[in-house]
Amino acid sequence: MKRLAHLGVLAGLVSSLWLAPAISRYDIATALPEEQVLRILNNVPIFMITNEKGEPLTVEMPSPQDQSKKIQVFTFFINQQDAQTALNTIKTQQPEVGRVARISAAALGSAVKIALESRKNPTLGVDIIPSRSQLEAAVTLLKQSGDLVERDGKILTKEGKPFMGGTPLFFLADSKTGNPIAVEAQMRENGQTRTQRFIPFYFDKSQLQREVDQARQQRPELVKDTGIRVVMLDTLVTTMLNINDPVVSQIQLVQTPEAIQFAVQQSNGNSAPQPNQANQPAAPQRPRQ
């Protein structure tokens, strides 16, 4: 995959200071252009299974809109261990394919770009597989907030619609308004240290909890009247593309240190496969968790 942009920014986090709620309205504001959103997401490593040339293994399946037609689905994994489990399945079920297949680092921006392209190209599809444990943690939080309810063994939204799942992101919010809390952090990049203000959304709830606990010990007043909340990735991306608020440009998605380390090791020197390169044997389809 394309080398991930500025991975060292979040990997080099040395300290942080929790600040006031970040989202606020301005009289004059513009939504982020698609290119800027993709640049932000290109800092986030995720994972996919590729052949020896770095080309993605895809799934061919009937189109949800027209069962007589096929779509080519790109499968991405938030957690590298889930990608390894899928790779092990391929090696067992399709040994000729699995013999040369491997896990490759990808940029989240690549997955979102294909998803955006699929709106115009009905032959493309994207499946982003979340971590099961993080999705379960998200469901628990959403039940506690009343956004999800369980009826007759089914998980529904508060409007009574089926919960579709997705990739959860966790953030610290003001308890009264629900607005995300921003941080200032000392970031080390290319040997230089600078202060940056950003609004972090975490793929791992426990990672955020550790940050909050540390801040509470050092400056308890900074995290008073706050709580951890959750938003789904597709909702956040839609917000970034549409909301008229300049602070949206400060959003940063924070992967786990393990994922960043794995991605750095896997992505060195790799080139990015494009959608038209995905003509390799299909990997077994993995159901959405």
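**Close-up views of a predicted model**

**View 1. Helix 8 has a buried side.** In helix 8 (residues 233-242), Leu-233, Leu-236, Val-237, Met-240 and Leu-241 are buried. Buried means under 20% relative accessible area, exposed means over 50%, and partly exposed lies in between (1.4 Å probe, protein chains only). Asp-234 and Asn-242 are exposed, on the face of helix 8 turned away from its buried side. Helices are DSSP runs (H or I, at least four residues), as strands are (E, at least two), and both are numbered from the N terminus.

This is a predicted model: local features need pLDDT of at least 70, side-chain atom pairs count only at pLDDT 80 or more, and totals for chains, interfaces and linings use all residues. Residues are numbered from 1 along each chain as its sequence is written, and side-chain values use heavy atoms, with hydrogens and water left out.

**View 2. Helix 2 packs against helix 5.** Two packed helices are described by the angle between their axes and the distance between the axes. For helix 2 (residues 34-41) and helix 5 (residues 108-118), the angle is about 145° and the axes are 7 Å apart. Axes are lines fitted to C-alpha atoms, for helices over the stretch in contact, and angles run from 0 to 180 degrees between N-to-C directions. From helix 2, Glu-34, Leu-38 and Leu-41 take part in the contact. From helix 5, their partners are Leu-108, Gly-109, Val-112, Lys-113 and Leu-116. Contact means heavy atoms within 4.5 Å. Five residues of this contact are nonpolar, one is polar and two are charged. Here Ala, Val, Leu, Ile, Met, Phe, Trp, Tyr, Cys and Pro count as nonpolar, Asp, Glu, Lys and Arg as charged, and the others, Gly among them, as polar.

**View 3. Arg-99 and Glu-96 form a salt bridge.** Their side chains meet at 4.0 Å, N to O. A salt bridge is a side-chain nitrogen of Lys or Arg within 4 Å of a carboxyl oxygen of Asp or Glu. Arg-99 is exposed, at 61% relative accessibility. Glu-96 is exposed too, at 60%. The structure holds five salt bridges.

**View 4. Arg-219 and Glu-221 form a salt bridge.** The N to O distance is 2.6 Å. Arg-219 is partly exposed, at 40%. Glu-221 is partly exposed, at 46%.
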